[in-house]
Amino acid sequence: MLEGLQLFADGLLGFATPQSIFNVLWATLLGILVGMMPGLTATLGIALMTTLTFKMAPGDAILILICMYVGAIYGGSRSAILLNIPGTPASAATTLDGYPLARSGEAGKAMAIATSGSVMGSIIGMLLLATIAPVLANFALEFGAFEFFWLAVFGIIISGHLTSLKDPLKGWIAGFLGLLAAMVGQEGIHAYQRFTFGYIELGGGLGLLPALIGAFGFAEILVVMTQPSYQLVKSKVGSVIPSPAEVFRYSRTIVRSGIIGTIMGIIPGVGEDMGAWASYAAARRASKEKARFGSGSIEGLMAAETGNNAAVPGAIIPVLTLAVPGSAPAAVLLAAMFIHGVRPGPLIMIESPAFVYEVVAMILLATIAILIFGLMLTRPLLLVLRVPRERLMPIIFVLCTIGAFSIASRVFDIWVMLFFGVIGYAMRRMDYPMAPLVLGLVLGGILDKSLRRGLVLTDGNLTEFFVRPISAVIWIASLIVILYSVGPVRRLFGRLAGGPTVDDKGAGSG
């Protein structure tokens with residue numbers, strides 16, 4: 001414990017330089033702007049910023065990306081409150097109570113509550129990151145090829161289930177499409193080319209960052225341009241300074257939502273939006289003011305904003321300890337770490353324990369920055385929401401194209417970006433979730449290499465994949481998730497548990 005505090009203090013002091021503070025401020029501000037503007041997402045912001053940080057020192061680059069991440073998740077609340085349009089998917093739950101508050105003339109109060117919830121959620125997630133990451137990293141040392149194979153499978157299954165509760169099959173299809181795309185190119189052990197169809201460019205595989213830029217950038221441009229124009233709430237923005245008494249009044253909600261959001265962030269591929277929805281649902285169940293939820297509840301808004309921001313440090317926990325992303329933005333952050341020579345995974349606490357606590361310090365600095373900007377620059381920042389999207393989207397498309405090309409200076413990557421953009425647009429129109437697709441792209445290499453290594457170690461015998469203790473726990477958990485997604489089985493589980501059953505159509509409407 002004392003060693004961890006010392007490493008955290010050293011990391012914080014290491015960033016106490018004018019250059020680092022300047023990077024924190026501009027990256028967080030840019031993240032807030034990206035999060036505010038409908039059609040842009042945290043994933044797109046981090047992906048584009050990754051292409052601009054290639055030549056930076058690893059510490060500076062990761063600091064900028066984490067500040068962008070935290071700022072974008074927070075910034076989404078601005079458009080959710082004033083436009084009834086979540087700036088990022090993580091702010092979807094914020095619209096339920098934030099927009100009614102704004103329409104009733106309490107826009108300033110709503111943004112003050114969103115700021116305080118975001119700050120408290122980030123701090124709770126940060127504390128849990130510092131506590132859980134070292135323990136999980138030590139536990140992950142027990143993982144071998146067999147366990148990592150099942151971990152990749154479990155990640156796809158749980159992500160598909162939780163991001164598409166009404167129809168988990170759509171989530172699983174999206175996840176396995178990502179796995180299939182990850183199989184293109186040379187396989188990881190013998191460099192044998194697969195699914196290249198004679199095209200030399202496909203031999204190197206489909207680049208993760210161009211694919212993510214397309215799926216979250218170009219696809220969002222297509223979606224936004226097909227939607228009607230949005231109208232800004234015309235009411236005056238009052239004081240944006242939160243009342244300490246009001247924050248203290250909902251302290252239980254803040255702590256509960258912070259813990260729930262962090263846990264949802266840890267689950268592979270689930271991310272900040274589920275952190276917000278789960279926190280919101282828990283707050284509504286425990287509240288004495290249930291009737292106000294959905295029509296301007298301060299408690300509901302606090303829960304949603306605390307939960308989605310707590311999920312950011314939560315999503316970074318498996319990135320550092322297992323090299324498995326907890327959300328789509330965390331997947332880009334993971335790729336950026338590999339690009340800059342950082343090796344996240346089970347050995348992180350042995351090879352570079354200081355880096356874990358440096359990340360904790362980065363989140364703290366980003367949290368302080370969103371508090372400063374949330375209190376001081378709310379009114380000037382709202383001018384961004386008046387920018388016509390017809391002018392904004394062409395600029396974003398140019399940035400997507402430049403970002404995809406700059407990674408490896410290949411025109412082929414631009415085509416990859418466009419291809420995944422069209423696929424992403426089609427999936428959105430058919431209500432398929434994007435997070436499992438991203439997770440499949442990231443985990444495809446882990447799944448493939450772990451399966452092949454396991455088969456080499458056992459001379460082709462599959463038994464070891466099922467009988468090793470940790471492997472058995474993971475594959476049984478995966479099977480339970482699949483069975484629970486089947487209506488009759490879910491109702492049977494409900495009867496055995498003695499609780500109310502959930503009908504097929506009502507599952508996961510939250």
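## Val 360 in helix 16

Val 360 sits in helix 16, which spans residues 353–376. Helices here are DSSP runs of H or I with at least four residues, and strands are E runs of at least two, both numbered from the N terminus. The model is predicted: local features need pLDDT of at least 70, side-chain atom pairs count only at pLDDT 80 or more, and totals for chains, interfaces and linings use all residues. Residues are numbered from 1 along each chain as its sequence is written, and side-chain values use heavy atoms, with hydrogens and water left out.

Val 360 is buried, because its relative accessibility is 3%. Buried means under 20% relative accessible area, exposed over 50%, and partly exposed in between, with a 1.4 Å probe and protein chains only. Beyond its neighbours within four places in sequence, Val 360 contacts Phe 8, Met 126, Leu 129 and Ala 130. Contact means heavy atoms within 4.5 Å. Gly 307 is 53 residues from Val 360 in sequence, and their C-alpha atoms are 18 Å apart.

## Salt bridges

The structure holds eight salt bridges. The term means a side-chain nitrogen of Lys or Arg within 4 Å of a carboxyl oxygen of Asp or Glu. Glu 147 pairs with Arg 468, with the closest N and O atoms 2.9 Å apart. Glu 147 belongs to helix 7 and Arg 468 to the loop between helix 21 (464–467) and helix 22 (469–484), so this pair ties together parts 321 residues apart in sequence. Glu 147 is buried at 2% relative accessible area. Arg 468 is partly exposed at 27%.

Asp 448 and Arg 194 form another salt bridge, at 3.0 Å between the closest N and O atoms. This pair links distant parts of the chain: Asp 448 is in helix 20 (residues 435–457) and Arg 194 in strand 2 (residues 193–194), 254 residues apart. Asp 448 counts as buried at 9% relative accessibility, and Arg 194 counts as buried at 17%. Arg 249 and Glu 289 also meet in a salt bridge, 2.9 Å from N to O. Here helix 10 (residues 244–249) holds Arg 249, while Glu 289 is in the loop between helix 12 and helix 13 (298–322), 40 residues apart. Arg 249 is exposed at 53% relative accessibility. Glu 289 is partly exposed at 21%.

## Ser 478 in helix 22

Ser 478 lies in helix 22. Its relative accessible area is 2%, so Ser 478 is buried. Ser 478 touches Phe 154 and Ile 157, leaving out residues up to four places away in sequence.

## The largest pocket

A pocket is an open set of points on a 1 Å grid over the protein atoms alone, where a 1.4 Å probe fits, with protein on both sides within 12 Å along at least five of seven lines; lining residues have an atom within 4 Å of a point.

The lining of the largest pocket comprises 50 residues, and Pro 89, Ala 92, Asp 273, Asp 431 and Pro 433 lie nearest its centre. Helices that each supply at least two lining residues include helix 7 (145–163), helix 12 (272–286) and helix 19 (411–429).

## A nonpolar surface patch

Leu 169, Ile 173, Leu 177, Leu 180, Phe 195, Phe 197 and Tyr 199 form a nonpolar patch on the surface, with about 760 Å² of accessible area together. Nonpolar patch members (Val, Leu, Ile, Met, Phe, Trp, Tyr) have over 30% relative accessible area and no salt bridge, and their side chains are joined within 5 Å. Areas come from the Shrake-Rupley method with a 1.4 Å probe. Leu 180 is in helix 8 (residues 168–182). Leu 180 is partly exposed, with 48% relative accessible area.

Methods: Patch = residues over 30% accessible without salt bridge, like charges linked within 9 Å, V, L, I, M, F, W, Y side chains within 5 Å.
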